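The sequence and the structure come first, and the description follows.

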Amino acid sequence: MSPQPPTSKPHAPRPGHQASHGHSAHDHGVQGQSLEGALQQAGFYPRLVADVVDDALDGRDCMAHLVHLETHFDRAEVRRHITVLVLTDDMLVIAHVDDQQLDEAGEQIVAQISTESVPVAQIRSVVLSYMYAQPQNYKPSDPVRELTLSIAWSGGQRLDMGPASCGDPQCEADHGYSGTIAQEDIVLRISAEADGLQAVQDAKLFARALRAVNTGSAPLPHNGPVAAPRPRTGVFGNRLSRGHQR
């Protein structure tokens with residue numbers, strides 16, 4: 001998102017936003033909610049985001065969803081970004097939405113939206129990274145402290161490099177460089193401390209459903225029993241108009 005001019009005081013919440021929670025830099029839909037309900041709870045232009053996602057789904061039914069709202073503080077400005085993942089029986093739809101303030105008064109605002117539709121057969125890997133606190137005292141009932149969901153489909157890779165060392169703090173020899181290569185197209189970090197335990201559980205359920213569809217096994221229901229097949233009318237119904245797709 002493009003930098004915004006600094007202001008002397010914080011802006012009041014703009015239309016289409018809900019006030020962010022003081023204890024969290026993220027927000028997330030509660031398990032059991034519909035996709036539309038999760039977008040409404042996130043409060044980041046929910047009607048606009050729903051319209052764009054509905055257009056990207058092109059009449060497909062939602063099998064599982066993950067709504068992740070990130071809030072960043074830049075001086076006196078509060079910036080938000082929402083990522084929406086929607087899984088169908090043959091497609092993974094990813095939507096990203098940012099907004100940009102064009103003037104210091106906050107009267108001129110534009111939304112920057114992109115969507116991508118990835119065939120599930122093209123997904124190469126689904127990686128879940130867990131973080132547990134006090135592992136020496138682990139019990140099966142202990143919740144995950146943090147979860148990172150990484151999904152790769154295009155073959156793109158991220159390379160992290162740094163100077164190599166031999167472990168001897170007195171050694172000044174040049175040992176070249178070492179690094180790691182991670183294959184990832186999208187990465188979402190969900191923290192129980194910031195997002196809540198339910199958000200972490202939702203991410204696990206979404207990843208489980210994605211793995212099941214990607215590997216061809218029977219997916220577990222996301223929100224209860226699987227409903228009988230029905231005509232594809234779009235997950236949001238007919239009341240929403242079409243958005244745009246990248």
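## The chain as a whole

Of the 246 residues of the protein chain, 40% count as buried. The model is a predicted one, and the description below should be read with that in mind. The protein chain contains four helices and ten strands, and when these are read along the sequence they follow the pattern β-α-α-β-β-β-β-β-β-β-β-β-α-α.

## Helix H2

Helix H2 covers residues 46-57, which makes twelve residues, and from its first C-alpha to its last it reaches 16 Å, close to the 16 Å expected at 1.5 Å a residue. Ten of the twelve residues of H2 are buried, so this helix is largely enclosed by the rest of the structure.

H2 is followed by aspartate 58, whose phi is positive, near 55 degrees.

## A sheet of three strands

Strands E6, E7 and E10 form an open sheet in the order E6-E7-E10, and their pairing is antiparallel. The edge strands are E6 (125-131) and E10 (186-191), each of which pairs on one side only. Neighbouring strands of this sheet are turned by 15 degrees against each other on average, with direction ignored. In general, the strands of a sheet pair through backbone hydrogen bonds, and they do so in either a parallel or an antiparallel way.

Between E6 and strand E7 (residues 146-152), the antiparallel pairing runs over seven bridges. Methionine 131 stands opposite glutamate 146 in E7. Tyrosine 130, which also lies in strand E6, is partly exposed, with a relative accessible area of 42%. Together with Tyr132 and Tyr138, Tyr130 makes a nonpolar surface patch of about 310 Å².

## Salt bridges

How many salt bridges does a search of the whole structure find? The search finds three. As a general point, side chains of opposite charge can pair when their charged atoms come close.

One of the three salt bridges is formed by arginine 60 and aspartate 90, whose closest N and O atoms are 2.9 Å apart. Arginine 60 lies in the loop between H2 and strand E2 (64-74), and aspartate 90 lies in the loop between strand E3 (77-87) and strand E4 (91-101), so the pair ties together parts that are 30 residues apart in sequence. Arginine 60 is buried, with a relative accessible area of 17%, whereas aspartate 90 counts as partly exposed at 31% relative accessibility.

## Two further charged pairs

Arginine 189 is partly exposed, with a relative accessible area of 42%, while glutamate 146 counts as buried at 14% relative accessibility.

The remaining salt bridge joins aspartate 142 and lysine 139, with the closest N and O atoms 3.4 Å apart. Lysine 139 counts as partly exposed, at 45% relative accessibility.

Key: Residues are numbered from 1 along each chain as its sequence is written. This is a predicted model: local features need pLDDT of at least 70, side-chain atom pairs count only at pLDDT 80 or more; totals for chains, interfaces and linings use all residues. Side-chain values use heavy atoms; hydrogens and water are left out. Two strands pair if DSSP finds at least two bridges between them. Helices (H or I, at least four residues) and strands (E, at least two) are DSSP runs, numbered from the N terminus. Axes are lines fitted to C-alpha atoms, for helices over the stretch in contact, and angles run from 0 to 180 degrees between N-to-C directions. Patches are made of residues with over 30% relative accessible area and no salt bridge: like charges are joined within 9 Å, nonpolar side chains (Val, Leu, Ile, Met, Phe, Trp, Tyr) within 5 Å. Accessible areas come from the Shrake-Rupley method with a 1.4 Å probe; for residues, only the protein chains shown count as cover. A salt bridge is a side-chain nitrogen of Lys or Arg within 4 Å of a carboxyl oxygen of Asp or Glu. Buried means under 20% relative accessible area, exposed over 50%, partly exposed in between (1.4 Å probe, protein chains only). The expected span of a helix is 1.5 Å times one less than its number of residues.
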